[in-house]
Amino acid sequence: MPDPSITIGIDVGAVSVKVAAAGDRESAPLLRALGGSFWFLPSSPSDLPLLLSCYRRLMGNPVSVVGALLGELTAALPPGAVRGIGVTGAGGALVAEPLGLPAENEFKAIVRSAAVLCPSVRTLFEMGGETSKFIRVGAEGQILDYETNGDCAAGTGSFIDQQATRLRYRVEEVGPVALGAASAARIAGRCSVFAKTDMIHAQQKGATPPEILRGLADAVARNFKASIAKGKPVVPPAAFIGGLAANGAVVKALGEAFALGGELVVPDAYAWFGAVGAALLARDRSAPVVPDPARLAAERPSADFPTLPPLCLERVTLLRDRVAPSRPSNGGPEELCLGIDVGSVSTNFALVDEGGRLVREIYVRTDGRPIEVVTRGLRDLREEFGDRIRIVGVGATGSGRELIGELVGADAIHDEITAHKTGAVHVARTLTGEAVDTIFEIGGQDSKFIRVEDGVVVDFTMNEACAAGTGSFLEEQAERLGVAIVGEFSRLALASPAPIRLGERCTVFMEQDVNAYLKRGAKVPDLVAGLAYSVALNYLNRVVRGRKIGEAIYFQGGTAYNDSVAAAFAGLLGKRIIVPPHNGVIGAIGAALLAWQARARSGRPSRFRGFDLGQVEYGLREFVCRACSNVCDMQEFTVEGVKTYWGDKCSWKFRRRAKTERRPVIEDLLALRDRLCWGEPGASGGGLRVGVPRTMSFYDYFPFWRGLLEGLGCEVVLSDPTNRQIIQAGQELTVAEPCFPVKVAHGHLSDLMARGVDWILLPNIMDAEAPAWTPASHLCPWNQTLPFVLRSVARAAEWRDRLLIPTVWFRQGREAVRDALRDLCRRLGATRRAAEGAVERAYAAQAEFAAALEAAGREALAALEERGEPGIILLGRSYNIYDRAINLDVAGKLRDHYGINVIPLDFLPLDGEDIRDLNENMYWNSGRRILAAARIAGRSPRLDVIYVTNFKCGPDSYVKHFTGEAAGRPFLTLQFDGHGNDAGMLTRCEAYLESKGFLR
């Protein structure tokens, strides 16, 4: 009988190691009999018996994990049975190098495996720990097309692992739990950080964990289709492989996203394709190599890593051990106020007496179940104190403040900035006597910077769209490294002699850096210390961003329990860092103190519904609002017959209760601008039907193009206002990775192509009319190139001859514009004389539009002056300000929910403002206008500024640095990127309005 011939394949991924042994017919009994960490694949081909390892996580040491598996396998096989070893995967080089083997290409390994395990499959979807792949396969097993994710790990298995853990599910449970949900929460799928933000806010608004997990599965599938498949043809049958294929909810969502029905299969060896392929490629080699596995245990030379100074606590003042919570007296019931801070990661309770003395604190995990956690916390307080206390006021804060505040009957509901400031100022006054002037607050998902003068917030900011430098990232990385976040993390970090400089990149990229250093042999303590530094660096450079930092710096929030992060701040700043007592519940203490203040002002009894929420009649109903094209997933939360609605983007049908008694004294300028810009429905010509996408520069120039087209006798057909369907279509059509508005523009093109128009207008606008003193007035590069980007979309191939793309330099004057539009007019059948008349009509329409805006702006400013009312100047590019689906209707909510007088920048006389002293070479037209508007606001004590921008906007990232100088005061930036939930945006708005006095 011939000796068995076995080749071994090793797939070293980002989070796990998989090993496969491929044998011949003679080795089948041997492989079938092996156990331990391995199992036999029953569906193996008869001439290719396959033995697969159990799924092993790297836990920060891939070489050790591979060595253990390989040692166990080779020890169980007869001598000489192993004829070759192959290595592949993202971390394959780390194992291949000491073994003296080449690292096999991952795509090649996967396709080699597919040719044997599923030869009829023509499309492969792979989702692993950090990478996703799309592969088209030919009948002969050749790769016809492929794609993979870039630097971002959006929607990959590692992210779902993290969320499963946070929601208290084992990752194996996620699929069945999500499949059992009756509906799905709406989760953004473009970026894992934004998806996490949406998930947290959905939890705070009452969505159940199964609904959130199902929403996450849908988001992962949408993201794969939009960012990986990118509109490429999907030829069935298709196979879903990689670790995420074990998640039934993702399998279902992926099948629905690509409309594959029963033609999407999950092979039995779904996670082992790379390992099986590596084993087969090793067998294909003419001279297979069988290295000694013991070589993996050899000591590797230490790489030369960039390092930072060791961490120390010399400049850190820890106040937590100087106080102890007091107990209520044993006499009559003591009157206390209760503060509840419902955050993304933790929910905190604080019982505070009238003098501000903390009687009891509770710091617990939110675990995605805010209502359950609050119910349990209240029950625990009742059991502990019984009749010895009487709650005379309740304050709620945190991202879940509105929902929980309604449920428990809160008397004061405040944003986190106000609550943290109130708590910190109280601690400083009563414990140290030294007034706090700077607060660093780092929570699970949000980071805040607060500057305080005389107890009043004079400046604050929050992380905009990125979760870089937050506590949840530290926890996730600690778990990956096998380090306990409580105690062990800080101990290891403070003991490291050479913390590795990991930089200050986004959390996803930092995660990839950690993995890269691990693969090069970095030591865990040095990485842990580097992570502490990274959180501090991210916070200082992405949140604080050059703002004034005082001398009495309080570091609070849950992350402040980690002394190594406090040490990193102290080392980087060279300043003393104070960690206050009860640092994790300072927000709850502040909320309780604010409840005492509310009680003193009103004199009314508390609305507190009692410690037993089981006695409170409340319910949650979900439905889809079809009042407009947004088709929002709504939740109706009913407490004691009072209904509150969550989930809508536009707020016009299901309005929230106003936060203040304030009402706007000026008309709704955004609604006015919509009417002036887009015109009334049906007001158009009747000739050739020309489609116009309601996107990008059309928000500025549509009156011009409407005047031109109607002057030529054409019927203007607008795409629908941006809605969910347009957004999804745009994400699926986009090939590159532009900013979100450009992706949405792709969706508007798709909408017009489905309308049967004769032509679609996509002008290539290079610059704008501007004052003569400006050096240039360019539109951004994406605006300038948008027509050609859209024309390159595969689905637009049949439309390429019907796209009207005139190149227009408005700054060169009417004659140049008339010449540039001559060909367009000719293609639409116009004579030269008619074309010239149409151009004149276009200029007249644009001038009339601009004059109407400035007239309305003058009236609005005069009304504010006359009434002594404050207002907000809204800065930003027109498509960021006026596309309400992109910005979650921020302006409408400022007006309706907070009673704010909102004036967008183009209602101001911008051309009269010379901003050359701010930047003499501001060649971006929008940048000049934004700075001009900020300067106008800066001259009035009644006007403050909110800057609306989008993630990935290069010009805005530059212009923002000059805006504070132009306005002469701090301003708020709201950054959007496909968010599906407005809670984070409203938190920032509310904190800003509170700090500016709008809500007092």
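Select Arg884 and Asp674 first: their side chains meet in a salt bridge at 3.6 Å, N to O, a salt bridge being a side-chain nitrogen of Lys or Arg within 4 Å of a carboxyl oxygen of Asp or Glu. Arg884 lies in the loop between H28 and helix H29 (890-898) and Asp674 in helix H20 (residues 669-678), so the pair ties together parts that are 210 residues apart in sequence. Helices (H or I, at least four residues) and strands (E, at least two) are DSSP runs, numbered from the N terminus. Arg884 is partly exposed at 26% relative accessible area, and Asp674 is partly exposed at 24%, where buried means under 20%, exposed over 50% and partly exposed in between (1.4 Å probe, protein chains only).

The model is predicted, with local features needing pLDDT of at least 70 and side-chain atom pairs counting only at pLDDT 80 or more, whereas totals for chains, interfaces and linings use all residues. Residues are numbered from 1 along each chain as its sequence is written, and side-chain values use heavy atoms, with hydrogens and water left out.

Next, select Asn880 in helix H28 (residues 878-882), which counts as buried at 1% relative accessibility. Its side chain is joined to that of Asn950 by a polar contact of 2.8 Å, that is, a pair of N or O atoms within 3.5 Å; within protein, one must be able to donate a hydrogen and the other to accept it, and residues adjacent in sequence count only if both atoms are side-chain atoms.

From Asn950, move to Phe976, which stands opposite Asn950 in strand S35. Strand S34 (residues 943-950) pairs with S35 in the parallel sense over 5 bridges; strands pair if DSSP finds at least two bridges between them. 5 of the 5 residues of S35 (residues 972-976) are buried, so the strand is largely enclosed by the rest of the structure. Turn the view to see Leu972, Leu974 and Phe976 pointing one way from S35, with Thr973 and Gln975 pointing the other way. In a regular strand the side chains alternate between the two faces of the sheet.

Now select Arg401 and Glu990, whose side chains meet in a salt bridge (3.2 Å, N to O). Arg401 is in helix H12 (residues 401-408) and Glu990 in helix H32 (residues 983-995), 589 residues apart. Arg401 is buried at 3% relative accessible area, and Glu990 is buried at 2%.

Finish at Glu126, whose bridge partner in S8 is Lys133; Glu106, Glu126 and Lys133 are linked in a network of salt bridges.
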